[in-house]
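Work through the exercises below with the model open. Each task is followed by its solution.

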Amino acid sequence: MKNNTMKNAPRFINDTQVLVTKEFAKNAMVFGSSEYKLWRDIRKDVPDAEMVTKTIKKNPNKNTDTKNLTYENMALFIREQENAAVLMVEFKKTINLSKSQHNPYRYVLAWYLQKFEDHNSYREFFAKLAEEEAKKNDIFAEPAKEEAKKNDISTEEEYAFAVNE
């Protein structure tokens, strides 16, 4: 027999407040859904009932120093080092060794953080990389002078069509 209990079932906090998940609250607004029918039944029993959505407690002390440190980003940073060839071999070896670990990423991350203890250098590197990527993808950026010279286009000529004289 199928169990019909809902995993996000509402619970009464007090006489008028009902604790629900965001998903339940969203689905309760859809006419005919099981959540809608359940909420309608609750409102029949308690006309003053109001939904109070659950909030997830966030850890203010959570360490976010390693945010955006994917294998790809680690490899990008390693390639910029003076002894990049040696470090890349060691990096690949660490990745292969990590496959037998319970959490392979944590193993590689521990190696990476040990090798590059100066956190500010990789943060600055990735900030610079993100800035360059943003400039590259900016549709309103002026064309580079070298690019304009290469294509025999001056910025004035490029936008001359927009000027009505």
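Two strands pair if DSSP finds at least two bridges between them. Helices (H or I, at least four residues) and strands (E, at least two) are DSSP runs, numbered from the N terminus. The model is predicted: local features need pLDDT of at least 70, side-chain atom pairs count only at pLDDT 80 or more, and totals for chains, interfaces and linings use all residues. Residues are numbered from 1 along each chain as its sequence is written, and side-chain values use heavy atoms, with hydrogens and water left out.

**Exercise 1. Trace the sheet.**

Step 1. List the elements: the protein chain has 8 helices and 3 strands. Their pattern along the sequence is β-β-α-α-β-α-α-α-α-α-α.

Step 2. Order the strands. The open sheet runs β1-β2-β3, with mixed pairing. β1 (11–12) and β3 (50–53) are at the edges with a single partner strand each, so one side of each has no neighbour in the sheet.

Step 3. Check one pair. β2 (residues 17–20) and β3 run parallel, joined by 4 bridges. Leu 19 has Val 52 in β3 as its bridge partner.

**Exercise 2. Locate the nonpolar cores.**

Step 1. A nonpolar core is a set of buried (under 20% relative accessible area, 1.4 Å probe, protein chains only) Ala, Val, Leu, Ile, Met, Phe, Trp, Tyr and Cys residues joined through side-chain atoms within 4.5 Å.

Step 2. Find the largest core. It has 16 residues; Met 74, Ile 78, Phe 91 and Tyr 112 have the most contacts (heavy atoms within 4.5 Å) inside it. α3 (71–79), α4 (84–98), α5 (104–115) and α6 (119–137) each supply at least two of its residues.

Conventions:
Buried means under 20% relative accessible area, exposed over 50%, partly exposed in between (1.4 Å probe, protein chains only).
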